[in-house]
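My notes are below, in the order I looked things up.

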Amino acid sequence: MTSASDDRAPAFSEAEREAVRRVIAERRDMRTGFLPDPVDDALLTRVLDAAHRGPSVGLTQPWDFLIITDAARRERVRALAERQRKAYADSLVRPRAARFDGLKVEAIREAPVNIVVTCDPTRGGPNPLGRGTQPAMAPYSVACAVENLWLAARAEGLGVGWVSFFDERELAAELGLPPHLEIVAYLCAGHVRAFPPAPELALSGWARRRPLAWAVHREEYGRRALPGEDIVDLIAQTVEAVRPLDEAAMRDARELQNRLTKPPGSLGVLEDVSVRLAGLAGACPPPMPEPAAVAVFAADHGVHAQGVTPWPQEVTAQMVANFLAGGAVVNAFAAQVGAEVSVVDIGVAAPLAPAPGLLPRKVAPGTADMTEGPAMTPGQARQAVETGIEVARDLVASGARCLITGDMGIANTTASAALIAAFTGLPPEDVTGRGTGIDDATHARKVEVVRTALGRHDLLPGPAATAPADGRDPLDVLAAVGGLEHAGIAGFILGAAALRIPVVLDGVIAGAAALAAAALCPDALGACVAGHRSAEPGHGAAVAHLRLRPLVDLELRLGEGTGALLALPLVQGAARVLHEVATFDSAGVSEKDAGA
């Protein structure tokens with residue numbers, strides 16, 4: 001009897017499979033290092049043939065290849081690209097712009113061959129198989145041809161670079177393309193001096209490759225598992241990856257601080273920050289915490305119905321629109337310190353239109369009223385924490401080296417007070433503040449609402465001021481009285497700690513979320529820097545419980561990430577001291593007499 005395995009088509013030999021894997025692994029987007037040597041016509045034809053064998057919807061093969069070797073035309077194209085490149089550079093925050101400055105478009109001029117890959121979305125007439133239901137399959141098919149071209153070129157020892165700084169129609173006009181054609185790729189090809197060991201964007205610190213385990217889901221999105229492995233518990237996996245601060249690196253940082261050209265201890269708290277940064281990175285000096293990325297987690301709250309704030313719930317969505325338009329204080333402060341702003345819709349009640357900078361990650365359209373039942377289901381709380389982990393991972397993968405918490409949600413200080421009371425054991429009246437500004441009567445009502453919610457969920461502090469959340473699953477506490485943004489920020493902190501990236505905490509919402517993160521994983525606090533002390537009484541209680549030292553105290557109570565952004569230069573300055581200040585020996589400066 002023939003077994004099923006006997007019916008399978010034969011695989012390539014192991015040597016052939018290894019060759020394929022090598023070509024894929026060593027493909028590079030080449031931007032520099034092209035040689036002027038001409039490309040052999042037969043070699044170029046082989047590469048184009050590989051591209052032409054790409055898969056396409058309905059076998060329409062919607063691609064064409066325009067070969068450009070004329071130096072004058074390539075110079076005109078380079079000028080178009082350089083203008084767009086400069087416009088993009090001008091839009092970047094300073095740390096990003098500094099890294100981007102080395103990414104030039106000179107390959108258009110230096111590579112002997114330029115290849116324009118176009119898409120004809122009309123090819124095949126009105127009814128090619130598959131395109132009617134998926135019109136975008138035409139350019140997707142062309143992208144497959146581009147990948148084939150790129151891999152075949154690498155196998156031939158030919159470098160290829162993809163230039164994307166173009167106004168597509170402006171470039172099409174320069175190339176004399178018919179108006180129905182779309183440009184999918186402008187490629188520079190030629191022999192190169194060497195292929196770098198890793199992608200240039202990774203070597204420059206612009207971005208890093210996402211691990212495969214982050215990208216594989218089983219049966220439904222969010223159920224991560226590599227083939228043959230168990231479904232990953234993202235929270236448990238992240239917590240497991242968090243490690244205590246590295247004692248050897250911290251010792252080295254303290255010793256270095258003592259050898260710098262300044263009196264030992266003269267930088268006060270900033271010396272402690274630099275030591276913690278070294279311990280987090282496991283290296284002295286630690287990497288510079290830049291570029292920085294702010295994630296503003298936005299969500300609405302069912303407890304708003306209890307009259308805890310005079311602001312209408314619609315303000316949450318309106319302020320999100322303001323963030324995305326660049327008109328909020330967080331945008332101004334981020335521009336001042338060179339940080340990037342993303343807004344995470346983790347639970348805004350209103351639908352939000354797509355916009356640059358918006359991360360649509362809605363778990364639910366706001367929470368339920370915590371005085372009448374749990375604010376979230378257990379599944380929603382878990383998903384929100386996982387969302388925060390993923391946002392942290394994605395921002396770090398895109399090059400961020402310092403994360404900053406932000407928040408937006410009308411009535412979220414009420415949920416914050418409930419969380420802080422539950423995790424610290426302090427009574428509601430000690431941790432409930434005036435939020436966006438409320439009168440005495442509304443404040444008294446807010447305190448009672450917090451007390452009612454805590455009592456309903458058996459989280460009301462007792463006379464001994466013991467924390468009622470002790471011994472409870474932190475996810476259950478978040479689900480009972482937290483907000484979706486609290487859960488998201490808790491995950492954001494865990495994700496940063498697992499990747500050993502510092503996270504600067506903002507005010508009372510971040511403080512409440514950090515209490516939950518610390519309950520899930522105490523070592524996650526090693527990644528945390530308290531950016532400021534909020535005017536909200538609950539925030540002081542939270543940072544005291546967490547034993548964090550706020551860097552500034554300006555009586556702020558805005559949220560959004562504003563206080564953390566003001567502290568960012570202090571965090572960066574603490575690291576820069578270890579990088580740039582001379583030691584007594586290197587500067588030739590005499591040290592203090594040990595006996596003096």
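These entries start with the sheets and end with the annotated site.

**Entry 1: the antiparallel sheet**

I am working from a predicted model. I began with an open sheet of four strands, and I read its order as β1-β2-β4-β3. The pairing is antiparallel. Which strands stand at the edges? They are β1 (63–68) and β3 (158–163). Each has a single partner strand, so one side of each lacks a neighbour in the sheet. From one strand to the next, the twist averages 25°.

**Entry 2: β4 and its partners**

Next I followed β4, residues 182–191. Strand β2 (residues 113–119) is joined to β4 by seven bridges, and the two run antiparallel. I looked up two residues of this pairing. Asn114 is opposite Cys188 in β4, and Cys119 is opposite Glu182 in β4.

Then I turned to β3. Six bridges connect β3 with β4, again antiparallel. Here I noted Gly159 opposite Gly190, and Gly161 opposite Cys188.

Helix α2 (residues 41–52) lies across β1, β2, β3 and β4. I noted an angle of about 160° between α2 and β1. Helix α7 (residues 168–175) lies across β1, β2 and β4. Its direction is at about 65° to β4.

**Entry 3: the parallel sheet**

I moved on to an open sheet of six strands. The order is β7-β6-β5-β8-β9-β10, and the pairing is parallel. At the edges I found β7 (358–360) and β10 (528–530). Each has a single partner strand, so one side of each is left without a neighbour in the sheet. Neighbouring strands are turned by 30° against each other on average, direction ignored.

I looked at one pairing in detail. Strand β5 (residues 292–299) and strand β8 (residues 402–408) run parallel and are joined by seven bridges. The bridge partner of Ala295 in β8 is Thr405. Helix α14 (residues 329–337) packs on this sheet, touching β5 and β6 (339–347). The direction of α14 makes about 145° with that of β6.

**Entry 4: helix α20**

I ran a length check on helix α20 (residues 484–498). At 1.5 Å a residue, its 15 residues should span 21 Å. The end C-alpha atoms are 21 Å apart, which agrees. How many of its residues are buried? I noted 15 of 15, and α20 is mostly covered. Arg500 follows α20, with a positive phi near 60°.

**Entry 5: Glu560**

Last, I looked up the annotated residue. The UniProt annotation "active site", from an unreviewed entry, covers Glu560. Where is Glu560 found? It is in the loop between α22 (537–546) and α23 (562–580).

Is Glu560 buried or exposed? Its relative accessible area is 4%. Buried means under 20%, so Glu560 counts as buried.

I then looked for contacts, leaving aside neighbours within four places in sequence. Among the residues touching Glu560 are Val294, Val296, Met319, Phe323, Asp407 and Asp506. Val330 is in contact as well. The side chain of Glu560 reaches the backbone nitrogen of Val330 at 3.1 Å.

Technical notes:
Residues numbered from 1 in each chain as written. Predicted model: local features only at pLDDT ≥ 70, side-chain atom pairs only at ≥ 80, totals over all residues. Heavy atoms only, no water. Pairing = 2+ DSSP bridges. Axes fitted to C-alpha atoms, helices over the stretch in contact; angles between N-to-C directions. Contact = heavy atoms within 4.5 Å. Expected span 1.5 Å × (residues − 1). Buried < 20%, exposed > 50% of the residue type's maximum accessible area, 1.4 Å probe, protein only. UniProt positions renumbered as here; feature names shortened; annotations may be inferred. Polar contact = N/O pair within 3.5 Å; in protein donor to acceptor, adjacent residues only side chain to side chain.
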